[in-house]
There are 2 protein chains.
Amino acid sequence: MKRLSVLGSTGSVGEQTLAVAAAHPDRYAVAALAAGRRIAKLAEQVRAFRPAVVSVADGLGADELRERLGGDAPEILHGDAGLEAVATADADLVVAALVGAIGLAPTLAAIRAGRDVALANKEVMVMAGALVRREVAARGTTLLPVDSEHSAIFQALAGESQGAVAKLILTASGGPFRTWSAERIAKATVEEALNHPNWDMGPKITIDSASLMNKGLEVIEARWLFDVPPERVEVVVHPQSIIHSLVEFRDTSVMAQLGLPDMRVPIAVALAHPERLPLDVPRLDLAAIGRLDFETPDTKRFPCLQLAYDALGAHEAAPAVLNAANEVTVAAFLDGGMSFDRIAGVNADVLDRFTARGTDAALRDLDDVMEADAWARACARERLSAERGCA
Amino acid sequence: MKRLSVLGSTGSVGEQTLAVAAAHPDRYAVAALAAGRRIAKLAEQVRAFRPAVVSVADGLGADELRERLGGDAPEILHGDAGLEAVATADADLVVAALVGAIGLAPTLAAIRAGRDVALANKEVMVMAGALVRREVAARGTTLLPVDSEHSAIFQALAGESQGAVAKLILTASGGPFRTWSAERIAKATVEEALNHPNWDMGPKITIDSASLMNKGLEVIEARWLFDVPPERVEVVVHPQSIIHSLVEFRDTSVMAQLGLPDMRVPIAVALAHPERLPLDVPRLDLAAIGRLDFETPDTKRFPCLQLAYDALGAHEAAPAVLNAANEVTVAAFLDGGMSFDRIAGVNADVLDRFTARGTDAALRDLDDVMEADAWARACARERLSAERGCA
């Protein structure tokens, strides 16, 4: 019986995690749940899974949850302390499925408490990869990726030694602008950018898929998840998104993981590792799909992908800077009135200004990460509003 | 340091095995070599690798080898006893790279002596798979496939449990007649059948690739190598031969092994298992290849593939019968004067007559296998010459 703590239980990955657990009640118990403001949904989950500890965003939510659950309530906490309590609750595996920087501190707390972590919260590795990698090494815990690309690499690495790896190859759908000219991409509308060919995701990540920034962030994530230098992390465009990623070994053998796009699969892989769960989801039929295509990504038309490599080649905080700048520029694009190509333009400008500051110290702690994040957000906003320089 | 015994050292796989070993003299030593009649080539190998025991086809060859090597010769044996001595020599891994039924007895001897076996001699599993599987289980040795498709499956199964496997998916190039009508295939010439799109192989296996009998034999091989029931071994046509085969797991995740067609890779995988050797061979570039296609195999146009499943559903000796009948029919086709579709027709007829005899005993020993083989050859010849029935 594996006991799970789920950070972000009412989000998409959190809900699918609990669905997989519910389908295998002989294998999984739920020790703790943390959610934000979806109190009604959380109350349902508490009734179904009976965790010992629950946390919500704030005191108001905690009161509402107590009221909904009546006398039958578990321990109900809130805020940062609540997240940390759920992250370090007595569990075998912490599913880190929060979205954004809020997941950083509780995920680090889980690792420091010696917990294995199933990681869906990509900002953890994008913003603080170097720091997290050092903590994982120091505690001897295991990071199990939940992102489909990184799960594919994790599966392809099974039973292999680190020294045998020649390179990691992330597949990218290429997004809705894959075949567009640079001129047309520059003027793309919000609606066009939100029209992703294969995956149904939130607006931020869909825009990142259109700019290939999402693939850049995944390159950063892969570099730190698997401790492979950036020059050995490659991207290949594969419009059908059937091969989820690949690993080339030093004997030239390439191992790949394939499947239909369904997040329940990488979730089940992470939950069951090193076993495999029987899953009742649609199966891949290669003959029915008929054809898989591959192209070299074009960093001229999609400069955000190159920015990720630039960030990995700079200070350990540079990926956090790129990520923060990108959050600001994507939000501005989604707000309207800004051209698509300015996302990459402002991201590049902020990253340049950061690296021009010349520091090359390693990330010491979360404060360093959050300082870089805050600096980049301010810088990006300044660039967007006034077209002026940053300090 | 791994000590190798190579059965069939002067053949294509044997030579490539020694080339891989020679490139890694710190990892591999050669304990014993067996060859047939290429005495000059074997003498070179003896000088280069200095095995303690060598065997050749016959006494004449042994004398010639002694003469060529002069005073510096190892122990030189010949015939069946020589093959068995090489198979059971003091080694860590026996590379079974003989071609045809001659490899059966020495491979079984190696397994019975507790040796791990790198298996390139596909007739061993096609003719005697059930028997070999039982011997491997009884001795606790490891079979390492060298065939590219089975090596792919072996690599995809790394670190997985048997219970997690949903199905094995062998890829087939489809051969030169993939897009031909049944009528055109029926009248194909020897030259047309020898024109394989991806691999440069001997004439027998090239004809088998054109009829898909080769894929059928590989289905039989896979069924016994990996102990998976035949209904869970599938074939998908993949003309580019880049994905060498796949495994679907019960969570719907599919693992595949990819690469350029180069036998040195599966040889190195088998030699180095569970490590991976650095190999200096061309690397796969998916973007340069651009496109991979997949189709359902058509057992109406390629009935030999269905015959393999039919044989697996019958007596344990039926695959040996099919294999023997096919050797006779392919030889007759290559001799000329016979239409291509009679290969499948006569193979099916011989298999039908065998299963109509109604025995369902398990294979007890090699004598049972060789009896079925001899019966099938006689039956096939009779059908070809006189169009009469068999006993």
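Tutor: Begin with a strand, E2 of chain A, residues 28-34. One caution before that: this is a predicted model.

Student: Is strand E2 of chain A mostly covered or mostly open?

Tutor: Mostly covered. Six of the seven residues in E2(A) are buried. The general idea for strands is that side chains alternate between the two faces of the sheet.

Student: Which sense of pairing links strand E1 and E2 of chain A, and over how many bridges?

Tutor: The parallel sense, over six bridges. E1(A) covers residues 2-7. For one bridge, find A:Leu7: the partner in E2(A) is A:Ala34.

Student: What joins E2(A) to strand E3 of chain A?

Tutor: Three bridges, and these two strands run parallel as well. E3(A) spans residues 53-56. Look at A:Ala32, which stands opposite A:Val53 of E3(A).

Student: How do I read the helices that go with these strands?

Tutor: Follow the chain from strand to helix to strand. E1(A), helix H1 (residues 12-23) and E2(A) form a right-handed β-α-β unit. With helix H2 (residues 39-49) and E3(A), E2(A) makes a right-handed β-α-β unit.

Student: How is the size of an interface given?

Tutor: Often as the accessible area lost when the parts come together. Here, chains B and A bury about 3700 Å² between them. Carbon and sulfur atoms give 52% of that area. In chain B, the residues losing the most area to chain A are B:Arg250, B:Asp251 and B:Arg276. Together they account for 20% of what that side buries.

Student: How many residues does each chain bring to the contact?

Tutor: 41 residues from chain B and 41 residues from chain A.

Student: Why can we say that the copies meet through the same surface?

Tutor: Because 100% of the interface residues of chain B are also interface residues in chain A.

Student: What is the general idea behind a nonpolar core?

Tutor: In soluble globular proteins, nonpolar side chains tend to be buried together. In this model, the largest nonpolar core has 259 residues.

Student: Which members of that core touch the most other members?

Tutor: A:Phe340 and B:Phe340. Select A:Phe340 and set aside neighbours within four places in sequence. Its contacts then include A:Phe177, A:Ile185, A:Ile207 and A:Phe333. There is also a second, separate core of 26 residues. Among them are A:Ile169, A:Val254, B:Leu292 and B:Phe294.

Student: What about the backbone? Which residues does a cis peptide bond join in chain A?

Tutor: A:His273 and A:Pro274, with omega about 5°. A:Pro274 lies in the loop between helices H12 (264-272) and H13 (286-289). Chain B has a cis peptide bond between B:His273 and B:Pro274, again with omega about 5°.

Student: Where is B:Leu212, and what is its phi?

Tutor: In the loop between helix H10 (203-211) and helix H11 (213-225) of chain B. Phi of B:Leu212 is near 65°, a positive value in a residue other than glycine. B:Leu212 counts as buried, at 3% relative accessibility.

Student: How does B:Asp227 read?

Tutor: B:Asp227 is not a glycine, but its phi is positive, about 55°. B:Asp227 lies in the loop between H11 and strand E9 (233-237) of chain B. At 39% relative accessibility, B:Asp227 counts as partly exposed.

Definitions and conventions: Residues are numbered from 1 along each chain as its sequence is written. Chains are lettered from A and ligands numbered from 1 in the order in which they are written. This is a predicted model: local features need pLDDT of at least 70, side-chain atom pairs count only at pLDDT 80 or more; totals for chains, interfaces and linings use all residues. Side-chain values use heavy atoms; hydrogens and water are left out. Buried means under 20% relative accessible area, exposed over 50%, partly exposed in between (1.4 Å probe, protein chains only). Helices (H or I, at least four residues) and strands (E, at least two) are DSSP runs, numbered from the N terminus. Two strands pair if DSSP finds at least two bridges between them. A crossover is right-handed if, with the strands pointing away from the viewer, the path from the first strand over the helix to the second runs clockwise. Contact means heavy atoms within 4.5 Å. A nonpolar core is a set of buried Ala, Val, Leu, Ile, Met, Phe, Trp, Tyr and Cys residues joined through side-chain atoms within 4.5 Å. Buried area is the accessible area (1.4 Å probe) that two parts lose on being put together, summed over both.
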